[in-house]
Amino acid sequence: MKTSGKQTSISNDVALTKNDEMLVLVFQGGGALGSYQGGAFEAMEKRGARPDWVAGISIGAINAALVAGNAPGERSRALRAFWDEVSSTITFGPPLPGVFLRSAFNEASAASSALYGIPGFFKPRFPPTYLLRDGSPGDVGYYDTAPLKATLERLVDFDRLNRGEMRVSLGAVNVETGNFRYFDTEDTRIGPEHVMASGALPPGFPPIEIDGAWYWDGGLVSNTPLQYLLERDHHHDMCIFQVDLFSARGPLPQTIFDIAEREKDIRFSSRTRLNTDMMKEERKLKRALHRLLGKLPPELASDPDAATLIGASCDASVTIIHLINRRRAASSESKDYEFSRHSVEERWRDGFADAEATLVDSRFVHRKMPPHSVEILDLTKD
């Protein structure tokens, strides 16, 4: 690591990071699919992981707040409590095995979510928004997210979240300007409203007002916070676990019903692989610039242009561990609002299994610090 200043450390017997790397979690948005992130984090916490920085968008912001707003050893329990509550309406599974019956069960569960809402998360607005001619912006959504505010206040210690033990960054978009914004504990005290703003996906959820401005779900602009992290920190070596809920890669649609799911996967995966490849090349150039500046003669090293270039250079190593929730045979376009207990637990197990397999994989255990820029490890893609 080229610059000291790591906020917290990992237990000495846990090999999640090398040397003095920061441990960073990046949580993509994806509604009901977010239990995959809970399972992945549980596997990491069992190995003593204490993140230095967590960033999230939409459901990823909720999971990030649950992690940062609880004490070490209690974080997985808080995640489990949230996911148990939001999946409490339908606690039974499909009556018989088979893809057809499972697909029918999933669709019925998703329809129930849309009609009746989700405990501790959202409920249908009454009277409906379309009957209000002169409502405030906070009324413009099919659902009322007041239950989510109460849940966050109960399960998240916002004093702890803002204490600085772990940096937290949550993405949202200004409704009026269209500008993307991150609420970051480096410069903002985060409360329930910031978490809710990050997950206010229209037209279902109304925008959230913060300091006189109204915000929608950050996934409208980008569903993956990775770029923000790498733009904000050029100096620390980092091991980043990027936990994605939509896979950019997927099968060619075979029926008209497959199209909506494939379109949603492409849209909300937010070009993850393209972005990481671009960032890899950018970091490679920044490190080359850093080495070149070190070769300047003394009379040029103090030149104002050299000072500008030094600020743009980078000598830090980044390893990105990619965990991706991949499509199951019975999934469909409604998978991100299908909150049955059966599906939530299934995704949790998938996240746990993928993280566990990655953490014991020799390619992760024996990895080296990237010598030139960024290394990307996706060890469960097969």
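Helices (H or I, at least four residues) and strands (E, at least two) are DSSP runs, numbered from the N terminus. This is a predicted model, in which local features need pLDDT of at least 70 and side-chain atom pairs count only at pLDDT 80 or more, while totals for chains, interfaces and linings use all residues. Residues are numbered from 1 along each chain as its sequence is written, and side-chain values use heavy atoms, with hydrogens and water left out.

**Pockets**

On a 1 Å grid over the protein atoms alone, a pocket is an open set of points where a 1.4 Å probe fits, with protein on both sides within 12 Å along at least five of seven lines; lining residues have an atom within 4 Å of a point. Grid points are joined across faces, edges and corners, and a volume is the space filled by probe spheres set on the points.

The largest pocket has a volume of about 660 Å³. Its lining comprises 34 residues, of which G31, L201, F205, D336 and Y337 are the closest to the centre. Helices α2 (59–68), α4 (99–116) and α9 (256–268) each supply at least two lining residues, and α9 gives the most, with three.

The second largest pocket has a volume of about 270 Å³. Of its 22 lining residues, R328, S331, K335, E346 and R347 are the closest to the centre. Here α4 and α13 (341–360) are the elements that give two or more residues.

**Core and aromatic pairs**

A nonpolar core is a set of buried Ala, Val, Leu, Ile, Met, Phe, Trp, Tyr and Cys residues joined through side-chain atoms within 4.5 Å; buried means under 20% relative accessible area (1.4 Å probe, protein chains only). The largest such core has 67 residues, and those with the most contacts inside it are I62, F82, F121, V195 and F241. Helix α2 gives the most to this core, with eight residues.

Rings of Phe, Tyr and Trp (its six-membered ring) pair if their centres lie within 6.5 Å, and planes over 60 degrees apart count as edge-to-face. The structure holds 15 aromatic pairs. One of them, F183 with Y215, is edge-to-face, at 5.2 Å centre to centre and 75 degrees between the planes. This pair links strand β6 (residues 180–184) to strand β8 (residues 213–217).

Key. Buried means under 20% relative accessible area, exposed over 50%, partly exposed in between (1.4 Å probe, protein chains only). Rings of Phe, Tyr and Trp (its six-membered ring) pair if their centres lie within 6.5 Å; planes under 30 degrees apart count as stacked, over 60 as edge-to-face and the rest as tilted.
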